[in-house]
Amino acid sequence: MSAAPYKLSNKNIYGFNTNMYQMLLWLPALIALSLSVEFLLGPLFYKIYQKNVTLEEGAAGTEAGAEVSLAQSIADMENLDTFTLIVKGVVINHDTIRSGDRLYHYIQLPSGEKVIAHINKKAIQETDTPGEYRMPTGVWKEWTPPDEVMVFEDNMTLTDHYIDMYGDYVPVLEESDYGRLLGRSASAWIYVVFVLLYRVIGVRSRRFAPALFWKRDPLLPRNDLECWCASTFAIWAHSFSMLEGWPLITGVHGKRKAVSNFRKVALGEQWDIRNRQDGLQTVHELTERHAGQLTTMYAGWDLCRATQLLGMMYLVKMIDREELDQEFSRVGRVIQQQFHSWDEMAESYLDGYEAWRRQSGDPDAALRTEQRRAIFMQLKANPDGPYSVPWRTDLTWTQGKGTENRAVVKKVLTHYRASQT
């Protein structure tokens, strides 16, 4: 399989980290939940459970009361709606035939006739005669016998009927067993529901990517403007292991660590941006420094950082989506005025990056710049990467209407999905 067209945003895609301590925190909660359901709710639901699984009085499979007629022959069973039998203990314990999950008994009637019976052993009663037992209430039923029963065909009086002394019986659990099972089942279902809710809430709050419905990722570009602007800071979005890359409009999902890093370090400490006003002022300063100018020093470095800052501000919720698009449009159009291609923009960005590193006293400024240049070349060589987006994409944004252009982003998201297969 070929490599993905671009870095895929699948870090922590299911919303759960693999850290062992997080899993250990879940265990006590699930155990406590299981025990509370078992001991508090178990006794209440057990009464309902008993009522639902108990057979109606006189139905096939129930204990045969004194009013139930005793059958002696096939003729008796054919003439009676319900009946019971008296059989020897050896029949119950040894004369059996198994077919699938059912156990049948080979019975000889007092008349000497031989038939097959399906018996609910829980409803068998002892008689006053040792070794003899009173069978559950039964009915004479027509059937097509399974192959296992047909082995006894030569010894059977009839094979097209059998005695049903099991009916709709369901094994009844003891209260303790029922409570334990209820607790485990409740814990499992609550866990499943919690996971689903956690996923839905996590995706909507931008903490991680959807695992299945990938188009619902709120951090994927919604229009061509967002897609184009995300491409302007694609080099940065692929320069750090913490980031997830293009085409996310923020470079990364809003996990707590990423949001904290953006808010406190990237925006707060490095840019002195503490709120929306600070952020927009900085973006406007970076943009106006080059707006309307033909050639300015390090324009790519300043302008690409401006769009990058907007993405970071959106992730930490300093600005909303509408304001993000409005500012993207403002900065993006200045970038298009300054340069004629992605190559020109990238070269200006890299020159500015190296100058910034040198000014910061970094002895490895040239090496770090080459590392970012290699990222650019790799992304550029990708036919479905960020620089496949047309340079002259319409970046118009209208107050109250936003932008309707989606031709580019539709193509991008098609390849984005293909990279996951």
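Axes are lines fitted to C-alpha atoms, for helices over the stretch in contact, and angles between N-to-C directions run from 0 to 180 degrees. Helices (H or I, at least four residues) and strands (E, at least two) are DSSP runs numbered from the N terminus. The model is predicted, so local features need pLDDT of at least 70 and side-chain atom pairs count only at pLDDT 80 or more, whereas totals for chains, interfaces and linings use all residues. Residues are numbered from 1 along each chain as its sequence is written, and side-chain values use heavy atoms, with hydrogens and water left out.

The axes of α10 and helix α12 (residues 342-359) are 6 Å apart and pack at an angle of about 95 degrees. α10 is therefore roughly perpendicular to α12; angles of 65 to 115 degrees count as such, those under 35 as roughly parallel, those over 145 as roughly antiparallel and the rest as oblique. On the α10 side, the contact (heavy atoms within 4.5 Å) is made by Ala 299, Gly 300, Trp 301 and Cys 304, and on the α12 side by Met 345, Ser 348, Tyr 349, Gly 352, Tyr 353 and Trp 356. These residues divide into 7 nonpolar, 3 polar and no charged. Here Ala, Val, Leu, Ile, Met, Phe, Trp, Tyr, Cys and Pro count as nonpolar, Asp, Glu, Lys and Arg as charged, and the others, Gly among them, as polar.

## Helix packing: α9 and α11

Helix α9 (residues 276-288) and helix α11 (residues 321-338) have axes that come within 10 Å and cross at roughly 15 degrees. The two helices, α9 and α11, are therefore roughly parallel to each other. Arg 276, Leu 280, Val 283, His 284 and Thr 287 of α9 form the contact with Glu 323, Glu 327, Arg 330, Val 331 and Val 334 of α11. By class, the residues of this contact comprise 4 nonpolar, 2 polar and 4 charged.

## Nonpolar cores

A nonpolar core is a set of buried Ala, Val, Leu, Ile, Met, Phe, Trp, Tyr and Cys residues joined through side-chain atoms within 4.5 Å. Buried means under 20% relative accessible area, exposed over 50% and partly exposed in between, with a 1.4 Å probe and protein chains only. The largest nonpolar core has 65 residues, of which Trp 228, Trp 236, Phe 262, Leu 267, Leu 310, Ile 335 and Val 389 touch the most other members. Helix α10 (residues 299-315) supplies the largest share of this core, 11 residues.

Apart from its neighbours within four places in sequence, Trp 228 is in contact with Gly 332, Ile 335, Gln 336, Trp 342, Val 389, Pro 390, Trp 391, Thr 393 and Leu 395. A second, separate core of 18 residues includes Leu 85, Trp 140, Ile 163 and Met 165.

## Buried loop residues

Arg 206 is located in the loop between α5 (175-204) and α6 (224-232) and is buried, with a relative accessible area of 9%. Not counting residues up to four places away in sequence, Arg 206 touches Pro 218, Leu 219, His 253, Gly 254, Tyr 314, Leu 315 and Lys 317. Arg 206 and Lys 255 are 7.8 Å apart in space, C-alpha to C-alpha, and 49 residues apart in sequence.

Pro 146, in the loop between β7 (139-142) and α4 (147-150), is buried at a relative accessible area of 19%. Pro 146 touches Ser 99 and Tyr 104, residues up to four places away in sequence not being counted.
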